[in-house]
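Take a moment to look over the sequence and the structure below. Then follow the paragraphs one stop at a time.

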Amino acid sequence: MSRNGKITVSIRQPRLGLDSVKLKLMVVSGKGGVGKSFVTSSVATGMALRGLRVGILDGDVYGPTIPKMLGLSGTTLQADESTGKIYPVVGPLGIKVVSIEFALPSDETAVIWRAPLVNRALEEFLGSVEWGELDALVIDLPPGTGDAPLTIAQKLQNDLDGSIIVTIPSEISRRIVLKSIDFSAKLNVPVAGIVENMCCFYCPESGKTYYVFGRGAGERIAAEKGVRFLGSIPLDPRIGECNDRGEPYLLKHGDSETAKRIMAIVDGLIELYRDKLVGGKRGGARRLLRLPGEGSEGEA
Ligand SMILES: Nc1ncnc2c1ncn2[C@@H]1O[C@H](COP(=O)(O)OP(=O)(O)OP(=O)(O)O)[C@@H](O)[C@H]1O
Ligand SMILES: [Mg+2]
């Protein structure tokens with residue numbers, strides 16, 4: 001680490017085969033269990049619904065959950081022994097997925113590698129993946145801002161375009177967000193914005209909205225720190241069900257209010273990175289696929 005606190009990498013660091021990927025975003029949070037993996041899979045699914053070619057790198061080496069959320073548990077990566085290349089598993093909507101889970105004997109196998117081994121294994125593993133042409137790659141990081149997320153984020157930092165910070169609207173969210181902003185700054189990765197997950201619960205019976213973990217903290221902190229607020233996602237029991245069953249929520253409940261809020265976050269990101277995605281052609285990234293129940297108004 002240099003004296004100004006920036007984490008630097010050697011320019012001889014091997015490239016990770018991401019040159020054919022236009023946009024690379026990491027999903028980070030200073031705390032576990034706030035919904036990083038759900039946000040990762042939803043942003044990827046939403047972008048794929050908008051017609052983009054999308055990949056997910058499940059960077060949670062110790063607790064990979066992306067394969068299960070996308071119904072891909074038990075799948076294995078294809079490798080070409082003559083070239084040493086590894087090919088991602090292709091999931092719903094053609095989303096290309098790479099996870100350490102695909103290389104483990106079972107999804108109950110615990111990874112107990114220490115950091116140096118993870119470092120070496122990741123380098124070899126990530127360096128061998130043949131992503132092909134992608135519009136966007138969304139990277140799910142392990143919880144926190146310590147060794148585990150740092151190890152993988154450092155490998156990718158020169159390639160990353162932005163970080164999506166996930167928080168919940170409770171008192172602890174201030175620390176979560178500040179740590180995540182600091183983590184991104186030290187890696188020299190610009191913050192794309194903040195997503196407030198589990199913002200509230202809408203009770204269909206009473207018609208009331210309950211702010212279970214407090215109200216609006218993510219948006220307040222975003223304003224205070226001059227960081228973009230990307231949007232909020234309600235607590236929805238169907239999200240847990242879908243994740244457990246391996247059915248992407250956006251595909252199963254695309255006509256719900258929650259899905260519309262997730263798609264607003266996705267569209268915000270597409271707009272933010274429009275130049276990267278389509279070389280400045282307005283609206284070009286928003287191709288024609290729509291969510292079930294979504295009208296054609298607002299088509300760019
Ligand atoms: N908005 C939501 N409404 C209901 N359940 C949710 C919501 N977001 C996430 N969940 C559920 O909360 C749990 C944690 O979500 P997730 O695994 O995405 O968090 P994480 O931040 O990736 O956790 P970890 O830090 O362990 O990697 C999961 O069971 C998920 O299905
Ligand atoms: Mg996770």
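This is a predicted model: local features need pLDDT of at least 70, side-chain atom pairs count only at pLDDT 80 or more; totals for chains, interfaces and linings use all residues.

**A walk from the ligand into the fold**

Start at the ligand. A backbone N or O atom of phenylalanine 38 lies 2.9 Å from an oxygen atom of ligand 1.

Which elements give two or more residues to the shell around ligand 1? They are helix H1 (36-49), strand S9 (191-202), strand S11 (229-235) and helix H7 (237-245). The shell holds 18 residues, and Gly33, Lys36, Ser37, Phe38 and Asn243 come nearest. Sorted by class, the shell has 8 nonpolar, 7 polar and 3 charged residues.

Now step back to the whole chain. The protein has 300 residues, and 52% of them count as buried. Its chain forms 10 helices and 11 strands. Consider the contacts with a sequence separation of 6 or more: residues 24 or more positions apart account for 76% of them. The accessible surface comes to about 14000 Å². Carbon and sulfur atoms own 51% of that surface.

Return to helix H7, one of the elements in the ligand shell. Its residues Ile239, Cys242 and Asn243 are buried. An α-helix has 3.6 residues a turn, so residues three or four places apart point the same way.

The buried residues of H7 pack against several elements: H1, helix H2 (66-69), S11, helix H8 (249-252) and helix H9 (257-272). The face turned away from the buried side carries the exposed residues Pro237, Asp244 and Arg245. Aspartate 236 caps the N-terminal end, with a side-chain oxygen 2.9 Å from the backbone nitrogen of arginine 238. After H7 comes glycine 246, whose phi is positive, near 75°.

Next, visit some buried residues elsewhere. Serine 184 lies in helix H5 (residues 173-186). Is serine 184 buried or exposed? Its relative accessibility is 0%, so serine 184 counts as buried. The side chain of serine 184 reaches the backbone oxygen of serine 180 at 2.9 Å. Setting aside neighbours within four places in sequence, serine 184 is in contact with Met26, Val28, Ser163, Val189 and Val191.

Alanine 222 sits in helix H6. With a relative accessible area of 2%, alanine 222 is buried. Beyond its neighbours within four places, alanine 222 is in contact with Ile194, Val227, Arg228 and Phe229. Alanine 222 and leucine 178 are 44 residues apart in sequence, and their C-alpha atoms are 9.7 Å apart in space.

Follow that contact to valine 227. Valine 227 is found in the loop between helix H6 (217-225) and S11. Its relative accessibility is 14%, so valine 227 counts as buried. Valine 227 touches Ile181, Val191, Gly193, Ile194 and Ala222, not counting residues up to four places away in sequence. Where is glycine 193 relative to valine 227? The two are 34 residues apart in sequence, yet 5.9 Å apart in space, C-alpha to C-alpha.

Finish with the backbone. Most residues other than glycine have a negative phi. Leucine 93 has a positive phi of about 60°, although it is not a glycine. Leucine 93 is found in the loop between strand S5 (89-90) and strand S6 (96-99). At 42% relative accessibility, leucine 93 counts as partly exposed. Asparagine 188 also has a positive phi, about 65°, and is not a glycine. Its place is in the loop between H5 and S9. Asparagine 188 is exposed, with a relative accessible area of 52%.

Conventions: Residues are numbered from 1 along each chain as its sequence is written. Chains are lettered from A and ligands numbered from 1 in the order in which they are written. Side-chain values use heavy atoms; hydrogens and water are left out. A residue is near a molecule or strand if one of its heavy atoms lies within 4 Å of it. A polar contact is a pair of N or O atoms within 3.5 Å; within protein, one must be able to donate a hydrogen and the other to accept it, and residues adjacent in sequence count only if both atoms are side-chain atoms. Helices (H or I, at least four residues) and strands (E, at least two) are DSSP runs, numbered from the N terminus. Ala, Val, Leu, Ile, Met, Phe, Trp, Tyr, Cys and Pro count as nonpolar, Asp, Glu, Lys and Arg as charged, and the others, Gly among them, as polar. Buried means under 20% relative accessible area, exposed over 50%, partly exposed in between (1.4 Å probe, protein chains only). Contact means heavy atoms within 4.5 Å. Accessible areas come from the Shrake-Rupley method with a 1.4 Å probe; for residues, only the protein chains shown count as cover.
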